[in-house]
Amino acid sequence: MPQAGQLANPIDHFIAARLQPHGLGQAPEADRRTLIRRLHFDLLGLPPSAEAVAAFEADPRPDVYERLLDSLLASPAYGERWAQHWLDVIRWAETVGFETNLERTDAWHYRDWVIKSFNKNLPFDQFTITQLAGDLLPSAQLDDLVATGFVRCHVTTNEGGTIAEE
């Protein structure tokens with residue numbers, strides 16, 4: 001972690017150059033308690049435990065922040081947190097909607113695929129292609145087929161004309 005008043009990277013230099021003409025400077029570096037709370041809330045959506053805060057504050061290693069960052073990115077909770085945003089955008093649900101609101105008993109397979117994809121840091125192009133055409137990929141695997149659950153996340157009805165195989 002950089003010391004207070006240091007510019008740690010090119011982004012810091014860019015921001016400092018924009019602030020200087022306005023007579024503004026960089027804010028002091030946050031204390032360790034604030035840093036661990038920010039990282040936990042941003043990456044996992046959950047507060048750190050009291051034990052984690054105490055351990056982070058007591059750790060003298062210069063790369064303590066980077067170690068914490070790596071451990072949070074490796075946490076299964078990271079994928080759960082960020083998959084939530086994708087699932088909200090595509091309107092994923094475990095029910096079909098409308099007045100009957102029947103349960104989709106296998107919808108969790110797709111949800112878990114999305115979580116796993118975030119935890120594996122699947123590149124966005126591969127993430128998108130697999131959801132749209134996973135069944136058409138050469139040597140498609142079961143996970144590729146599960147990913148196409150994306151196309152069934154919309155609100156549906158059981159009115160005439162529906163195709164059971166879908």
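# Briefing: an all-helix predicted chain

E103 touches E94 and T95, leaving out residues up to four places away in sequence; contact means heavy atoms within 4.5 Å. This is a predicted model, in which local features need pLDDT of at least 70 and side-chain atom pairs count only at pLDDT 80 or more, while totals for chains, interfaces and linings use all residues. Residues are numbered from 1 along each chain as its sequence is written, and side-chain values use heavy atoms, with hydrogens and water left out. The protein chain has eight helices and zero strands.

**Confidence**

- The mean pLDDT of the protein chain is 89, where pLDDT is the predictor's confidence in each residue, from 0 to 100.
- A pLDDT of 70 or more is reached by 89% of the residues.
- Among the elements, helix α3 (residues 50-58) has the highest mean pLDDT, at 97, and helix α1 (residues 10-19) has the lowest, at 90.

**Overall make-up**

- Along the sequence the pattern reads α-α-α-α-α-α-α-α; helices (H or I, at least four residues) and strands (E, at least two) are DSSP runs, numbered from the N terminus.
- The protein chain has 166 residues, of which 25% count as buried; buried means under 20% relative accessible area, exposed over 50%, and partly exposed in between (1.4 Å probe, protein chains only).
- Of the contacts with a separation of 6 or more, 54% are between residues 24 or more positions apart.
- The accessible surface of the protein chain is about 11400 Å², and 57% of this belongs to carbon and sulfur atoms; accessible areas come from the Shrake-Rupley method with a 1.4 Å probe, and for residues only the protein chains shown count as cover.

**Helix α7 and T130**

- The buried residues of helix α7 (residues 124-133) are F127, T130 and Q131.
- Seen down the axis of α7, these buried residues fall within an arc of 95°, so they line one face of the helix; the arc is that of the directions from the helix axis to the C-beta atoms.
- D125 and L132 are exposed on the other side of α7.
- The packing partners of the buried α7 residues are α5 (76-89), α6 (107-119) and α8 (142-147).
- T130, located in helix α7, counts as buried because its relative accessibility is 5%.
- Leaving aside neighbours within four places in sequence, T130 is in contact with W113, L137, D144, A147 and T148.

**Salt bridges**

- A search of the whole structure finds five salt bridges; a salt bridge is a side-chain nitrogen of Lys or Arg within 4 Å of a carboxyl oxygen of Asp or Glu.
- One of them joins R33 and E57, with the closest N and O atoms 3.3 Å apart.
- R33 lies in helix α2 (residues 32-44) and E57 in helix α3, so this pair ties together parts that are 24 residues apart in sequence.
- Both partners count as partly exposed: R33 has 45% relative accessibility and E57 has 37%.
- The side chains of R61 and D59 also meet in a salt bridge, at 2.6 Å from N to O.
- In that pair R61 is partly exposed, with a relative accessible area of 36%, whereas D59 counts as buried at 13%.
- D112 and R111 form a salt bridge through their side chains, at 3.0 Å from N to O.
- D112 is partly exposed with a relative accessible area of 30%, and R111 is partly exposed with 25%.

**Surface patch on the nonpolar side chains**

- I11, F14 and I15 form a nonpolar patch on the surface, with about 320 Å² of accessible area together.
- Patches are made of residues with over 30% relative accessible area and no salt bridge; like charges are joined within 9 Å, and nonpolar side chains (Val, Leu, Ile, Met, Phe, Trp, Tyr) within 5 Å.
- I11 lies in helix α1 and counts as exposed because its relative accessibility is 57%.

**The loop between α5 and α6**

- E103 is placed in the loop between α5 and α6.
- At 62% relative accessibility, E103 counts as exposed.
- The C-alpha atoms of E103 and A93 are separated by 9.0 Å, and the two residues are 10 residues apart along the chain.
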